[in-house]
Structure formats: C-alpha cells, structure tokens
Amino acid sequence: MKLQSNKSSLEMRQELRRQIIDLDPSDFESLALLIFQYQAVNNPVYKEYISHLHIKTNEVNRLTDIPFLPIQFFKHHLIKSGIPPEPTVIFESSGTTGTATSRHALYDAPLYQSVSTRIFQQNYGHLDDFHMLVLLPSYLERNNSSLVYMMQHFIDQAKSPLSNFYLHNTEEMIEQLKNLAKNPDGRGILLMGVTFALLDLAESDIDFSFLKNIPNLKVMDTGGMKGRRQELLREEVHDILTGSFGVSKIHSEYGMTELLSQSYSQGDGLFYPGTTMRILLRDVNDPFSIYDHNLTGSKTGGINIIDLANLDSCSFIETQDLGRFGAEAGTFYVMGRFDNSDIRGCNLLVL
C-alpha cells in the first residue's frame with residue numbers, strides 16, 4: 001500500500017480512513033507504516049517529538065522502528081493530526097485527586113463507532129443478541145468518558161428495552177436479571193462494570209443464586225478502583241466475582257481514554273487485541289528497545305500500543321502499563337502499572 005505524495009493531507013486522511021474501515025489483518029503493518037508517515041508530518045506534537053529523537057522518518061520501515069509517544073503527552077497537549085473539524089467530544093480520563101487528567105478529542109464519531117462495534121462483535125457476536133446492563137457509577141458522574149460513550153452506542157445498537165446504565169438503581173437491575181432468569185428470551189446478558197462497582201455488588205447481601213438459571217450470562221470487568229477500595233490483584237477480584245455471581249470466568253475489557261480500539265479477555269486475563277490494535281512490548285529500562293510482536297511467552301515489558309483508529313490523534317502510544325505476551329501470537333496479559341500511573345484498563349493490579 002502506498003499513499004500518493006501529490007495528494008493533499010485531507011485526501012491522504014480520507015484514503016487512510018477507508019483502509020482502516022476495510023482493514024484486512026494481513027495489511028496491518030503496511031497500513032500502520034503509512035499512518036506513521038502521515039502523522040509524522042501532520043501531527044505537530046508527534047512531529048516535534050520525533051525531531052527531538054533525531055529519527056529520520058524515511059528510515060522507519062518496521063513496526064519496531066516506530067517511535068511511540070509517551071501517554072503523558074495527552075495530559076498536557078491536545079494531540080491531533082491534520083486540521084480536523086471541531087471535535088464531537090473531548091474525552092477526559094477520571095484520574096485521581098490532585099493528578100492531571102488526559103484529554104483525547106474525538107473528531108470522527110462514525111469511525112470510532114464502526115471500529116469499536118467490529119471489535120466487540122468479532123469477540124462476542126452481534127450487539128442485538130445481548131441485553132447490556134452496565135455499572136459505571138464513577139464514569140456516569142462525568143459527561144466525557146470514552147467508556148460511557150462507547151457503551152451508549154452499544155446499548156443503542158442492541159435495541160434491547162432492558163439495556164441501560166445503572167448508577168444508583170442497582171435494585172432495578174437485579175429485578176431485570178431475576179425476570180430474565182424466569183423468562184429467558186434467547187439473548188445473552190452482559191453485566192459490565194468498573195471493578196469497584198462489581199465488587200460492591202458481589203459483596204452486598206443480595207442472594208445471587210438465581211443467576212444459575214441464566215446460562216448465557218457474561219460478567220465483564222473494565223478495571224478501575226480509583227481509590228475507592230483497597231488494591232487487589234486481578235485474580236483476587238475475579239475469585240470474588242466468580243464466587244458471588246456463579247460464573248466460571250470473568251471477562252475483561254482493556255481500553256483507555258487515549259485509545260479508540262479495545263482488547264477483550266474471555267477469561268484468565270488473556271487479552272486479544274482488536275483488528276485495528278497491536279501490542280508491542282518495550283524493555284523496562286530502555287523505552288526505545290522494542291520487542292517483536294511475534295514473540296510469545298515469557299517476555300515482560302512496558303506496553304506500547306498501535307491503534308490505527310487513532311488516525312486523528314496519534315496511533316503510536318507508549319503506555320504506563322506492564323504486560324507479557326501470551327502463548328498465542330498477538331495475545332497479551334496486563335501485569336500491572338509503572339509507579340505513579342493512573343491509567344484505566346489495568347486488569348491485573350487494580351488500582
């Protein structure tokens with residue numbers, strides 16, 4: 001794949017967008033390199049960062065050659081590529097008291113909705129096959145959460161009268177679950193929530209024995225304590241949740257304010273990145289030493305993410321999460337965080 005050099009930046013952007021929508025997984029690397037060349041010219045912050053590293057963009061020929069922008073830049077700059085229109089919304093991370101929050105402008109809502117829907121459906125099937133019961137209290141209290149935005153789109157697409165967000169009305173949600181246990185309608189049920197809310201529910205005095213009558217129930221943890229509860233390992237969290245809700249596995253979603261693509265785990269913390277997303281690992285002592293993504297097994301390092309859907313911001317993000325490759329190429333585990341990080345999405349060490 002090549003971009004014609006005589007095209008305007010707007011024409012190049014439209015061509016790249018089309019390729020993201022129609023992406024064949026085998027074309028991921030070549031498209032990522034095209035997006036790098038586009039953003040290295042059209043993203044002022046990223047361009048300056050590359051210049052400080054003295055990297056010659058014409059010598060970047062592999063994914064491991066690409067410089068990854070430290071995620072902290074989103075706390076101090078509005079990262080954008082090209083001259084996009086006014087943003088639909090500016091997502092903001094929740095952070096913790098006294099910390100700066102990340103901001104990520106969404107300029108192309110249809111692209112985000114298309115990508116996030118495709119990733120979910122590749123993992124779980126069509127959205128209209130689900131009732132979605134969503135527990136995101138701390139996120140709903142804000143009006144600029146990327147997770148709430150995505151889940152609102154999913155709820156709209158599911159077209160289920162029972163799908164909803166639950167803030168302070170968990171009693172209503174329990175009644176919905178009891179009714180579905182008595183009168184199943186063939187749809188799957190996704191109970192999705194931020195970690196502390198799922199734990200609060202699991203440790204309440206509610207008798208959840210009726211859930212055994214819902215064989216197609218999936219419980220999904222999105223991570224996140226944000227100082228609400230004592231820190232727990234992912235295994236400890238999932239032991240509590242499986243014990244209370246009577247499910248064999250806890251599913252997980254890995255995403256963050258600074259990304260438009262997601263990864264999902266269907267149990268045991270093993271994540272599969274979406275089609276538009278790839279995980280690379282960097283040496284914990286040398287951020288410019290990148291491990292090849294085809295490595296599997298024992299390698300552990302800082303998580304670097306390529307998110308092709310971040311076309312209008314930056315697709316190459318150096319996160320503050322620690323990860324390990326899974327046995328299957330492309331899969332990964334989240335092991336924890338570097339110190340002083342407040343990024344949502346860590347599902348092993350829940351801070």
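**Entry 1: Ala158**

I looked up Ala158 and found it in helix H6. Helices here are DSSP runs of H or I with at least four residues, strands are runs of E with at least two, and both are numbered from the N terminus. This is a predicted model, so I note the limits: local features need pLDDT of at least 70, side-chain atom pairs count only at pLDDT 80 or more, and totals for chains, interfaces and linings use all residues. Residues are numbered from 1 along each chain as its sequence is written, and side-chain values use heavy atoms, with hydrogens and water left out.

Is Ala158 buried or exposed? Its relative accessible area is 0%, so Ala158 is buried. Buried means under 20% relative accessible area, exposed means over 50%, and partly exposed lies in between (1.4 Å probe, protein chains only).

Next I listed the contacts of Ala158, where contact means heavy atoms within 4.5 Å. Not counting residues up to four places away in sequence, Ala158 touches Leu127, Asp128, Phe130, Ser163 and Arg187. I also checked a distance inside the chain. Ala158 and Leu147 are 11 residues apart along the chain, and their C-alpha atoms are separated by 16 Å.

**Entry 2: the rest of H6**

I checked the length of H6. The expected span of a helix is 1.5 Å times one less than its number of residues. For the 13 residues of H6 that gives 18 Å, and the end C-alpha atoms are 18 Å apart, so the two agree.

Which residues of H6 are buried? I noted Ser146, Leu147, Val148, Met150, Met151, His153, Phe154, Ile155 and Ala158.

Then I looked at the two ends. At the N-terminal end, Ser145 caps H6, with a side-chain oxygen 3.2 Å from the backbone nitrogen of Leu147. After H6 comes Lys159, and its phi is positive, near 55°.

**Entry 3: H4 against H6**

Two packed helices are described by the angle between their axes and the distance between the axes. H4 and H6 pack at an angle of about 75°, with their axes 10 Å apart. That makes H4 roughly perpendicular to H6. The axes are lines fitted to C-alpha atoms, for helices over the stretch in contact, and angles run from 0 to 180 degrees between N-to-C directions. Angles of 65 to 115 degrees count as roughly perpendicular, under 35 as roughly parallel, over 145 as roughly antiparallel and the rest as oblique.

Which residues meet? From H4 I wrote down Ala109, Tyr112, Gln113, Ser116, Thr117 and Phe120. From H6 they meet Ser146, Tyr149, Met150, His153 and Phe154.

**Entry 4: aromatic rings**

I searched the whole structure and got 18 aromatic pairs. Tyr49 and Phe73 have ring centres 5.5 Å apart and planes at 70°, so this pair is edge-to-face. The pair links distant parts of the chain, 24 residues apart: Tyr49 is in helix H3 (residues 44-52), and Phe73 is in the loop between strand S1 (69-70) and strand S2 (89-92). Tyr49 is buried at 12% relative accessibility. Phe73 is partly exposed at 25%.

Tyr112 is in helix H4 (residues 109-124) and Tyr149 is in helix H6 (residues 146-158), 37 residues apart. Tyr112 is buried at 2%, and Tyr149 is partly exposed at 23%. The cut-offs: rings of Phe, Tyr and Trp (its six-membered ring) pair if their centres lie within 6.5 Å, with planes under 30 degrees apart stacked, over 60 edge-to-face and the rest tilted.

Leaving aside neighbours within four places in sequence, Tyr112 is in contact with Phe91, Leu106, Ser146, Tyr149, Met150, Leu260 and Gln262. I also noted a ring cluster: ring pairs link Phe120, Tyr124, Phe130, Phe154 and Tyr264.

**Entry 5: two polar contacts**

A polar contact is a pair of N or O atoms within 3.5 Å; within protein, one must be able to donate a hydrogen and the other to accept it, and residues adjacent in sequence count only if both atoms are side-chain atoms.

His131 lies in strand S4 (residues 130-135) and is buried at 3% relative accessibility. Its side chain makes a polar contact with the side chain of Ser160 (2.6 Å).

Arg13 is in helix H1 (residues 9-21) and is buried at 11%. Which side chain does the side chain of Arg13 contact? I found Asp108, at 2.8 Å.
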